[in-house]
Amino acid sequence: MTGTIIISIALILVVLGSIISALAAIGLVRLDDVYARSHAAGKAATLGAMLLLSGVFLFFIGRDGYVNMQLVIGILFILITGPLSSHLIIKAAYNLNTPASKRTKLDDIKKDLKDTKL
């Protein structure tokens with residue numbers, strides 16, 4: 001009985017992760033500039049991948065009854081590297097003066113970094 005509940009939760013996590021990853025892929029295609037695309041990749045794709053791996057982790061617990069540490073390491077790796085890589089992409093694009101979309105109204109970073117060299 002407990003295994004069935006855990007496997008059901010795992011399937012829900014896998015479906016949610018798939019939906020969020022699909023929305024992240026749509027965001028990468030539809031958004032205007034590199035800043036918005038990187039935001040979609042960094043946030044939504046990270047959450048989708050973590051939900052997928054968490055669902056697989058719970059599935060193995062419910063079916064076989066053992067903890068797979070490789071999945072735990074994978075979840076932690078994605079948690080750390082996903083947002084960090086998108087932040088560095090946005091920082092590099094800003095340092096290269098990559099233009100933002102026409103809908104961007106403010107540049108709050110410009111006055112904060114006026115006398116700073118990155």
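Is Asp64 buried, exposed or partly exposed, and what is its relative accessible area? Asp64 turns out to be partly exposed, with a relative accessible area of 39%; here buried means under 20% relative accessible area, exposed means over 50%, and partly exposed is in between (1.4 Å probe, protein chains only). The structure is a predicted model, with local features needing pLDDT of at least 70 and side-chain atom pairs counting only at pLDDT 80 or more, while totals for chains, interfaces and linings use all residues. Residues are numbered from 1 along each chain as its sequence is written, and side-chain values use heavy atoms, with hydrogens and water left out.

On to the overall fold. The protein holds 4 helices and 0 strands, where helices (H or I, at least four residues) and strands (E, at least two) are DSSP runs, numbered from the N terminus. Following the sequence, the pattern reads α-α-α-α. The C-alpha trace spans about 60 × 30 × 15 Å along its principal axes. The radius of gyration is 19 Å, whereas a compact globule of 118 residues would come in near 13 Å; this radius is taken over C-alpha atoms, and the globule rule is 2.2 Å times the number of residues to the power 0.38. Of the 118 residues, 20% count as buried. As for contacts (heavy atoms within 4.5 Å), take those with a separation of 6 or more: 68% of them join residues 24 or more positions apart.

Now for the helices one by one. The buried residues of H1 are Ala10, Leu13, Gly17, Ala24 and Gly27, and what covers them includes H2. Ala24 is a handy example: Ala24 is buried, with a relative accessible area of 4%. Leaving aside neighbours within four places in sequence, Ala24 is in contact with Ala40, Ala44 and Ala45. The C-alpha atoms of Ala24 and Ala92, by contrast, are separated by 21 Å, and these two residues sit 68 residues apart along the chain.

Between H1 (2-30) and H2 (34-63) there is a loop, and Asp33 lies in it. Asp33 is buried yet has no salt bridge, and the nearest side chain of opposite charge, Arg37, is 6.8 Å away. For charges, Lys and Arg count as positive and Asp and Glu as negative, while His and the chain ends are not counted. Apart from neighbours within four places in sequence, Asp33 is in contact with Pro99, Ala100, Ser101 and Thr104.

Helix H2 has 30 residues and reaches 42 Å from its first C-alpha to its last, close to the 44 Å expected at 1.5 Å a residue. H2 also has a kink of about 25°, centred on Ala45; the bend at a residue is the angle between axes fitted to the seven residues ending there and the seven starting there. Among the buried residues of H2 are Tyr35, Thr46, Met50, Leu51 and Phe57, and what covers the buried residues of this helix includes H1 and helix H3 (69-95).

What happens around the end of H2? The side chains of Arg63 and Asp64 meet in a salt bridge (3.1 Å, N to O), and the count for the protein comes to 1 salt bridge. The rule asks for a side-chain nitrogen of Lys or Arg within 4 Å of a carboxyl oxygen of Asp or Glu. Arg63 is partly exposed, with a relative accessible area of 49%. Just after H2, Gly65 takes a positive phi of about 80°.

Helix H3 has 27 residues, which should span 39 Å at 1.5 Å a residue, and its end C-alpha atoms agree at 39 Å apart. The buried residues of H3 are Leu71, Ile75, Gly82, Ser86 and Ala93, and they pack against H2. In the loop between H3 and helix H4 (108-112) lies Asn97. Phi of Asn97 is near 55°, a positive value in a residue other than glycine. Most residues other than glycine have a negative phi. Asn97 is exposed, with a relative accessible area of 66%.

Note on methods
Expected span 1.5 Å × (residues − 1).
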